[in-house]
Structure formats: structure tokens, C-alpha cells
Amino acid sequence: MGQRARPALLLLVLLQTFPQGRLLRSHSLHYLFMGVSERDLGPSLFEALGYVDDELFVSYDHESRRVEPRAPWVCTRTSSQLWLQLSQILKGWDHMFIVDFWTIMDNHNHSKVTRLGVFLESHTLQVILGCEIQEDNSTRGFWKYGYDAQDHLEFCPETLNWRAADSGAQATKLEWEVHDIRAKQNRAYLERDCPEHLQQLLELGRGVLDQQVPPLVKVTHRVTSAVTILRCQALNFYPQNITMKWLRDKKPLDAKEIEPKDVLPNGDGTYQGWVALAVTPGEEQRYTCQVEHPGLDQPLTATWEPLPSDTLVIGVISGIAVCVIVFFTGVLFRILRKRQSSRAAMGDYVLAESE
């Protein structure tokens, strides 16, 4: 897969458009697709990544037509039947994706070529689809398209139609809704096949996918010219879903007052997250950060603990002063003792010579 496709695909992962933020442990299976229309080839590049929860477990690309396992537990435990099903699905989606890409480009009048057969410009198509098993064992599916980094179309399994994000998507929406067979196949996958595959994958990944590592939480403090910035950090936790919020006088703040939360991977399988808040100087102790995570038995709270700076400085200065006094007292004492010893020695010498 070309390098040009990967940054946008990773951006889609970081945007976290699949369901997140549940405190109890839900599980999801989702696939991310991306294609790029080359100026000389049209829609030619396609890559697919499959995730169980936050764990990448499979990949596929159009050039090699190969489905590759991307997690150790998949390599050692996946049954041949399940792997065959996944391979057939991904290869089928490859073909479907290319057809959809052409359709969307045509409806945007983006498929024109020059006399030499070269496309006038490049475009991108992204898809995220999958399902979630929630805490009460209910399921829900999702299937979304993004075109040129903008929301485009979203499938509604309940009504078997597509929701257009803008006027440019209306033509494709109407064209797809004419063919109700496709809509029924989409719903069957989201409501039946996807949850079944997710259950099988969760069973295969038991001991890896169900681990829970609670976060380490701390609050830091930074003073600016007008306000104080309190920053609550949650470190080294798994799974990714976490809730972080600020309380003022033990009451939750309005979300508008809080800087949006960022959750990023550490590179070792765990995550880190933070949320910041601007407060009036001198009122820092009124604010508490509350963190909820599947690895915690109960919400964890943390506050900023100021260092007693004035007392600390005075104590350090006092300690240094005492040390200096003791040092010079000791030096002075040794000098006086040496002088007394010298005088005694000189007195003995003179008396001996006078005799």
C-alpha cells in the first residue's frame, strides 16, 4: 500500500469515529477502509484494517490481494473456517469499495479525464463499518463513508436507507436506495454476521483482549499571566475507553468549560489521556479531577497538591544558614585550639632555655 494512503487512514483511527467512552466493558469489531484515486489510474489504491476493540488483528491491501494476521493471538488460535470467512469478506469489500468510489466520483463530477486518459485531480474515500456488543449484550452496527476528509453517507440499518451529510451526497444516496438488496445485505452483516465474528474473535483473544490496566492519575499546574491551567493526566491504562471530568466543589462542570480530552497510544499497548481546565489563581483547591475506567472498582479522584513554596524556601535558607554557622563555628574552634597549643609549646621552650 502506498504511503500516501496511510496518514489519512491513521487520522481516521485517531478521530475515533467508532463507539467509545463506556465505563463498563463493551466490545467492538470494526474495519477501516481507504482508497486514493491516482491522477493516472483512477481509484486504484485500497487498504483495509480490522480491529477488535483497540487491537489491530488483520490487514488487507488491493495490490497483494492478501489477508494478513496482525496480532499474535490471531496467528496461533484463529480457526481455518473463520479465517476463510474473513478473507472472503475483505476481498468482496475490496471490489465493492472500488465500485462505490467510482459511483461517488461520478456523482461529484470528479471522474473526468483528459484526452490522454489522465484524471484531473486525486480524491480519497474512507469507510468505517462494524458492530458493538454493549454491556447488556445488546448490539448495534455502524457503516459510514467519508469523501475527501468530510462526512458523506451513513447507513441506517433500522430504516434500510442512507443519511446524507451534505447535498453532494444526495445523488449517491438516491442511487443506492433504489437497490434494496444491498441494504438488506448490509443490515444482515451488521446485525448477524458481525456480532458472531466478534464473539468468536473475543473467545480466541481471551486473556489478551479482556485485560484491564487501571490508570495512574495525577494533576499538574501551570501559571499564566491571567489564569492557572490545571491538567489532569491518566497514564498507562487499558482498554482505551475512559471518562475524565472536572468537579468544582464536588459538582461536575459544564463540558464547555473543559478543554477536550485527548487519548493517545503509548506504543506498548497502553494509553494515556489528559484533560485541562483554566481556573482563577488561588481557587485551584476547589477543583477535583474524577476518572472512571473499567480497571477501577470505583471512580478515582485527584487534586493539585501545591508545594508549600514559601515555607520550603524559608526552610532551605534556614537550613543553609545553620550549616554555615556550624561550619564556621567548627573552623573557629579548631583555629583557637591550634593557637592555644602553639602558645603552650612556645612557653615550654623558653623556660627550658632560661635554665
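## Strand β5 and its partners

In β5, Leu32 has Ile128 as its bridge partner. This is a predicted model: local features need pLDDT of at least 70, side-chain atom pairs count only at pLDDT 80 or more, and totals for chains, interfaces and linings use all residues. Residues are numbered from 1 along each chain as its sequence is written, and side-chain values use heavy atoms, with hydrogens and water left out.

Strand β1 (residues 27-38) joins β5 through 10 bridges, and the two run antiparallel. Strands pair here if DSSP finds at least two bridges between them. Helices (H or I, at least four residues) and strands (E, at least two) are DSSP runs, numbered from the N terminus. β5 also pairs with β6, again in the antiparallel sense, over 9 bridges. There, Cys131 stands opposite Gly141 in β6. β5 and β6 form a hairpin with 5 residues between them. Asn137 in that turn has a positive phi of about 70°.

How many of the 10 residues of β5 are buried? The count is 9, and the strand is mostly covered. Buried means under 20% relative accessible area, exposed over 50%, and partly exposed in between (1.4 Å probe, protein chains only).

## Two disulfides

A search of the whole structure finds 2 disulfides. A disulfide is a pair of cysteine sulfur atoms within 2.5 Å. Cys131 and Cys194 form one of them, with sulfur atoms 2.1 Å apart. This pair links distant parts of the chain. Cys131 belongs to strand β5 (residues 124-133) and Cys194 to helix α5 (residues 180-204), 63 residues apart. The torsion about their S-S bond is about -85°, so the disulfide is left-handed. Cys131 and Cys194 are both buried.

Cys232 and Cys289 also form a disulfide, their sulfur atoms 2.0 Å apart. Here the link runs from strand β10 (residues 228-237), which holds Cys232, to strand β15 (residues 287-292), which holds Cys289. The two cysteines are 57 residues apart, in distant parts of the chain. Their link is left-handed too, with -75° about the S-S bond. Cys232 is buried, at a relative accessible area of 0%. Cys289 counts as buried because its relative accessibility is 0%.

With the bonded cysteines numbered in sequence order, the pairing is 1-2, 3-4. Cys156 is buried as well, at 9% relative accessibility.

## Helix α4

Which residues of helix α4 (residues 170-178) are buried? They are Thr172, Lys173 and Trp176. Seen down the helix axis, the buried residues of α4 fall within an arc of 105°, so they line one face of the helix. The arc is that of the directions from the helix axis to the C-beta atoms. On the other side of α4, Leu174 and Val178 are exposed.

The cover over the buried residues of α4 includes helices α3 (80-107) and α5. It also includes strands β6 (139-147), β7 (150-156) and β8 (161-164).

## An open sheet

Strands β12, β11, β15 and β16 form an open sheet, in the order β12-β11-β15-β16, with antiparallel pairing. β12 (251-252) and β16 (300-302) stand at the edges, each with a single partner strand, so one side of each is left without a neighbour in the sheet.

Strand β11 (residues 243-248) pairs with β12 in the antiparallel sense over 2 bridges. Arg248 stands opposite Lys251 in β12.

## Nonpolar cores

The largest nonpolar core has 46 residues. Such a core is a set of buried Ala, Val, Leu, Ile, Met, Phe, Trp, Tyr and Cys residues joined through side-chain atoms within 4.5 Å. Leu29, Tyr31, Phe33, Phe57, Trp143 and Tyr145 have the most contacts inside this core.

## The chain as a whole

The protein chain has 6 helices and 16 strands. Buried residues make up 41% of its 355 residues. Of the contacts with a separation of 6 or more, 58% are between residues 24 or more positions apart. Contact means heavy atoms within 4.5 Å.

The chain exposes about 20,500 Å², and carbon and sulfur atoms supply 55% of that area. Accessible areas come from the Shrake-Rupley method with a 1.4 Å probe; for residues, only the protein chains shown count as cover.
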